Amino acid sequence: MVNLRNILKKINIKGELLFNEPMSGHTTYETGGPAEIFCVPADTRELIEVLEAANRCASDYFILGGGANLLVSDKGIPGLVIDIKHFDGINIADDGRASFGSGLIVDSAAEAALEAGFSGFDSFYGMPGTVGGAVWMNARCYGRSISDILASVTYLNESHSIRTMTPQEGDFDYKISPFQNGDSVILEAEFRLIKCSREIIRKEMDKNRSDREAKGHYAGPSAGSVFKNNRAFGKPSGAIIDSLNLRGTEIGGAKISDHHANIFINKGNATSADIYRLINFVQTKVRDELGFELEPEIRMVGDFSDLL
Ligand SMILES: Cc1cc2nc3c(=O)[nH]c(=O)nc-3n(C[C@H](O)[C@H](O)[C@H](O)COP(=O)(O)OP(=O)(O)OC[C@H]3O[C@@H](n4cnc5c(N)ncnc54)[C@H](O)[C@@H]3O)c2cc1C
């Protein structure tokens, strides 16, 4: 890893290069230990240089969006974390084709679409994270998945060549995208938006944000829903957890939200281990008492093996 550090220092990138950077400052749970190397490339050329250096050193890398769906181990992330935040371009054409950089914050994309008078992105307003993270997760809000409005995704494949994929060419499904099976880096995504009056779009955006506020989405640091919903279980994961009266359960500084049983919050002093143990506790309770296997939606990054 010293080798990769030295190579990256020599590349002398315009973006940032940090060492032992605490991930608690980059996740919405506000937990997580240090990233051994934390790099914020300024553009695609730098990103490719950094990826090639990682390849040469046989180093793993992790692409960070807004950190809104991550539980990062307290031991941190060995190797390289690449923050994609400088990929934040916005380009909206008159026909409603909107290209957003992968590092653009979802709320900024929604505001830009509103400004241009196009609807479609308003459903995602209020959801923390970036456009790239939303594509990777195939995020779903208020009955609409990202893939429903997606026209194409431009990405770097594992050989670092730029490629474009339409949703018809990839396997998108409920909270599933083709990017979950591999190490591609999403550079930008193009969406098909629909002309609409600004008043109507604004109303929809405000309604969605108010609904989130009422449901306690912003009541404490969290990563939104912990478990995916599974139609076969007959009710949403939150209702399943509620049926066992688990709202308010605490382990260390982690707590099942009083507002929503599928949202776990950091009360202020939680470690990732606390949150991990609370997730395990709920999974075990639901499995033992109801026979359902809840599948985490949040992505665990780093080593949690000593907590099992
Ligand atoms: C209060 C709150 C409410 C939420 N509500 C919802 C909701 O309604 N619906 C919903 O679906 N989710 C929701 N979430 C979860 C979260 O907002 C989404 O999953 C979001 O899409 C994550 O985006 P991100 O940029 O933060 O990704 P991150 O958490 O940073 O990363 C998620 C995954 O995407 C990968 N990734 C990110 N960017 C790229 C890229 N450019 N190239 C390749 N891989 C990449 C990462 O490597 C990681 O594997 C909520 C979270 C919070 C905190």
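The model is a prediction, so local features need pLDDT of at least 70 and side-chain atom pairs count only at pLDDT 80 or more, while totals for chains, interfaces and linings use all residues. Residues are numbered from 1 along each chain as its sequence is written.

Helices (H or I, at least four residues) and strands (E, at least two) are DSSP runs, numbered from the N terminus.

The domain assignment of the chain gives domain 1 (2–83), domain 2 (90–214) and domain 3 (231–307). These bounds come from an automatic or database domain assignment. The C-alpha centres of domain 1 and domain 3 are 28 Å apart. Their contact takes 14 residues from domain 1 and 14 residues from domain 3. Two residues are in contact if their C-beta atoms, placed from the backbone, lie within 7 Å. On the side of domain 1 that touches domain 3, strand β4 (residues 70–72) provides the largest share, three residues. That side comprises six nonpolar, five polar and three charged residues.

UniProt, in an unreviewed entry, places the feature "active site" at Ser225 and Glu297. The two positions are spread over 73 residues of sequence yet cluster in space, with a largest C-alpha distance of 7.0 Å. UniProt positions are given in the numbering used here, feature names are shortened, and annotations may be inferred rather than shown by experiment.

Serine 225 lies in the loop between α6 (198–214) and α7 (237–243). It is buried, because 22 other C-beta atoms lie within 10 Å. The burial classes are buried (20 or more other C-beta atoms within 10 Å of the residue's own), exposed (12 or fewer) and partly exposed (in between), with C-beta atoms placed from the backbone. Leaving aside neighbours within four places in sequence, serine 225 is in contact with Asn262, Ile263 and Glu297.

Glutamate 297 lies in the loop between α8 (272–290) and β18 (299–301). This residue is partly exposed, because 18 other C-beta atoms lie within 10 Å. With neighbours within four places in sequence again left aside, glutamate 297 is in contact with Lys175, Ser225, Val226, Phe227 and Lys228.

Two further glutamates were examined. Glutamate 115 is found in helix α3 (residues 106–116). It counts as exposed, because it has 12 C-beta neighbours inside 10 Å. Its C-alpha atom is separated by 41 Å from that of aspartate 74, 41 residues apart along the chain. Glutamate 199 lies in helix α6. It has 8 C-beta neighbours inside 10 Å and therefore counts as exposed. Glutamate 199 and glycine 117 are 82 residues apart in sequence, and their C-alpha atoms are 9.2 Å apart in space.

Key: Nonpolar A, V, L, I, M, F, W, Y, C, P; charged D, E, K, R; others polar.
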